[in-house]
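Welcome, and thanks for looking at this chain with me.

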Amino acid sequence: MLYHADPGAQVPQHRHGHDEECLMVQGELFLDDLLLQTGDYQLAPACSGHRVTQTDTRVVLYAHGDLDLQFVDGA
């Protein structure tokens, strides 16, 4: 799945039911205290979760696995 998010978007606190692989195609995204930048890869194992998922930039993110990210406007 290819996700697009505008600056200020965020995903509410969530847990992963399955392994989720993410590849940052464009932009920067904070996952808790980890900053993912263009070209970075991240694996979120099943049963893990994130308190903070947010961006200050426009984001294009490729994700495979637990495919129910719900970006919302952070304003």
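A salt bridge here is a side-chain nitrogen of Lys or Arg within 4 Å of a carboxyl oxygen of Asp or Glu. By that rule the structure holds 1 salt bridge. Its partners are Asp6 and Arg58, whose side chains meet at 2.5 Å, N to O. Asp6 lies in the loop between S1 and strand S2 (9-11) and Arg58 in the loop between strand S9 (53-54) and S10, so the pair ties together parts that are 52 residues apart in sequence.

A word on the model before going further. The model is predicted, so local features need pLDDT of at least 70 and side-chain atom pairs count only at pLDDT 80 or more, while totals for chains, interfaces and linings use all residues. Residues are numbered from 1 along each chain as its sequence is written, and side-chain values use heavy atoms, with hydrogens and water left out.

**The fold**

Helices (H or I, at least four residues) and strands (E, at least two) are DSSP runs, numbered from the N terminus. The chain has 0 helices and 11 strands, which read along the sequence as β-β-β-β-β-β-β-β-β-β-β. Contact means heavy atoms within 4.5 Å. Among contacts in the chain with a separation of 6 or more, 74% join residues 24 or more positions apart.

For accessibility, buried means under 20% relative accessible area, exposed means over 50%, and partly exposed is in between (1.4 Å probe, protein chains only). Of the 75 residues of the chain, 33% count as buried.

**Around Ala63 and Glu21**

Ala63 belongs to strand S10 (residues 59-64) and counts as buried, because its relative accessibility is 1%. Leaving out residues up to four places away in sequence, Ala63 touches Met1, Tyr3, Glu21 and Cys22.

Glu21 sits in strand S4 (residues 20-26) and is partly exposed, at 33% relative accessible area. Beyond its neighbours within four places in sequence, Glu21 is in contact with Tyr41, Gln42, Leu43, Tyr62, Ala63 and His64. Its side chain also makes a polar contact of 2.7 Å with the side chain of Tyr41. A polar contact is a pair of N or O atoms within 3.5 Å; within protein, one must be able to donate a hydrogen and the other to accept it, and residues adjacent in sequence count only if both atoms are side-chain atoms.

Gly65 is partly exposed, with a relative accessible area of 32%. Its contacts, apart from neighbours within four places in sequence, are Asp19 and Glu20.

| Pair | Apart in sequence | C-alpha to C-alpha |
|---|---|---|
| Ala63 and Cys22 | 41 residues | 4.4 Å |
| Glu21 and Ala63 | 42 residues | 5.5 Å |
| Gly65 and His18 | 47 residues | 6.3 Å |

How many disulfides does the structure hold? There are 0, with a disulfide taken as a pair of cysteine sulfur atoms within 2.5 Å. Cys22 is buried, at 5% relative accessibility, whereas Cys47 is exposed, at 55%.

Cys47 is found in the loop between S7 and strand S8 (49-50), and has a positive phi of about 75 degrees although it is not a glycine. Asp32, also not a glycine, has a positive phi of about 55 degrees; Asp32 lies in the loop between strand S5 (28-31) and strand S6 (34-37). Most residues other than glycine have a negative phi.

**The surface**

Accessible areas come from the Shrake-Rupley method with a 1.4 Å probe; for residues, only the protein chains shown count as cover. The chain exposes about 4,500 Å², and carbon and sulfur atoms supply 53% of it.

Patches are made of residues with over 30% relative accessible area and no salt bridge, joining like charges within 9 Å and nonpolar side chains (Val, Leu, Ile, Met, Phe, Trp, Tyr) within 5 Å. Leu2, Leu23, Val25, Tyr41, Leu43 and Tyr62 make a nonpolar surface patch of about 550 Å². Both S4 and strand S7 (41-44) supply at least two residues of this patch each. Leu2, one of its members, lies in strand S1 (residues 2-5) and is partly exposed, with a relative accessible area of 48%.
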